[in-house]
Amino acid sequence: MPFLSLTQVADADFPTRWGHFRILGFEGVTDPSEEGRKPVESAVALVMGSLEDLRKSPPLVRIHSQCLTGDVFHSLRCDCHDQLHLALGLIASEGAGILLYEQQEGRGIGLMAKLRAYELQDQGLDTIEANEQLGFEADYRHFELPAEILNHLKIPAIRLVTNNPDKVSSLEAAGIIVTERLSAAIPSEPTFERYLETKREKMGHLVG
């Protein structure tokens, strides 16, 4: 059990450019014996459609890790912004779905460390090499919290928008049935082509 408890702390109306959602806030208390975990991990769920309807048929779901540089500033060092908008567009086109947004900046190393890694990438290192030179692992992210949230919402099965097989396996290990994986691939830019290659070659991300 990765979390000692999970609490829904908020549920509010949330109109967006893609349509009307509810925004739900969650906090999970982690086991102190698990090294490297924050005492409390948080995430939000953007829910379009009624939960009752979402439970009847596997909804579209996207697990998205916070990326200030991409999501907010539209950085072209990564594909995060475009993947976020792709997922929101897919959910809007179906009129139903869930976007789970985790506070795991820089694959879990934090914003300032991510910017330091950018400096090393400017010197020729790839994203994983830069993390490792700073003393970090390639990826500190955990996907148990999204699984806990889906279980809390009583969503037994989903269609997952991702290129990351770790997200699929993590959800399935927690008892969430992934009936379909939809590609989160977006057109590449010269500024992040190497970034995508590194994710595919060193992290096992899928092409499409």
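Helices (H or I, at least four residues) and strands (E, at least two) are DSSP runs, numbered from the N terminus. That is how I name the elements below.

**Ground rules**

I'm working on a predicted model, where local features need pLDDT of at least 70, side-chain atom pairs count only at pLDDT 80 or more, and totals for chains, interfaces and linings use all residues. Residues are numbered from 1 along each chain as its sequence is written, and side-chain values use heavy atoms, with hydrogens and water left out.

**Cavity**

I started with empty space. Rolling a probe the size of a water molecule over the atoms shows where such space is left. My grid had 1 Å spacing over the protein atoms alone; a cavity is a set of points where a 1.4 Å probe fits but cannot get out, a pocket is an open set with protein on both sides within 12 Å along at least five of seven lines, and lining residues have an atom within 4 Å of a point. Points are joined across faces, edges and corners, and a volume is the space filled by probe spheres set on the points.

The whole structure gave me 1 cavity of 30 Å³ or more. The largest cavity holds about 410 Å³ of space. I got 28 residues for its lining, with Cys80, Arg107, Arg141, Tyr195 and Lys199 nearest the centre. Elements giving two or more residues to that lining are β4 (60-65), α3, α4 (111-122), α5 (127-133) and α8. Which element gives the largest share of the lining of the largest cavity? It is α4, with 4 residues.

Arg107 got a second look. It sits in the loop between β5 (97-102) and α4, and has a positive phi of about 55 degrees although it is not a glycine. Most residues other than glycine have a negative phi. At a relative accessible area of 11%, Arg107 is buried (under 20%; exposed is over 50%, partly exposed in between; 1.4 Å probe, protein chains only).

I noted Lys154 for its backbone too: its phi is positive, about 60 degrees, and it is not a glycine. Lys154 lies in the loop between α6 (144-152) and β6, and is exposed, with a relative accessible area of 59%.

The largest pocket comes to about 290 Å³. It has 15 lining residues, and Lys38, Glu41, Gln103, Gln104 and Gly108 are the closest to its centre. Strand β3 (residues 40-48) gives the most to this lining, 3 residues.

**Salt bridges**

Next I ran the charge pairs (a side-chain nitrogen of Lys or Arg within 4 Å of a carboxyl oxygen of Asp or Glu). The search found 8 salt bridges in the whole structure.

One of them is Asp79 with Lys199, at 3.2 Å, N to O. That pair links distant parts of the chain, 120 residues apart: Asp79 in the loop between α2 (68-72) and α3 (80-94), Lys199 in helix α8 (residues 193-203). Are the two partners buried or exposed? Both Asp79 and Lys199 are buried.

Arg159 counts as buried at 16% relative accessibility, while Glu94 is partly exposed at 44%.

Glu193 and Arg200 form another, the closest N and O atoms being 3.3 Å apart. Glu193 is partly exposed at 26%, and so is Arg200 at 30%. Shared partners join Glu94, Arg159 and Glu180 into one salt-bridge network.

**Cysteines**

I checked for disulfides (a pair of cysteine sulfur atoms within 2.5 Å). The count is 0. Cys67 is buried at 3% relative accessible area, and Cys78 is buried at 5%.

**A loop contact**

Leu76 lies in the loop between α2 and α3 and counts as partly exposed at 44% relative accessibility. I looked up its distance to Pro190: 8.8 Å, C-alpha to C-alpha, for residues 114 apart in sequence.
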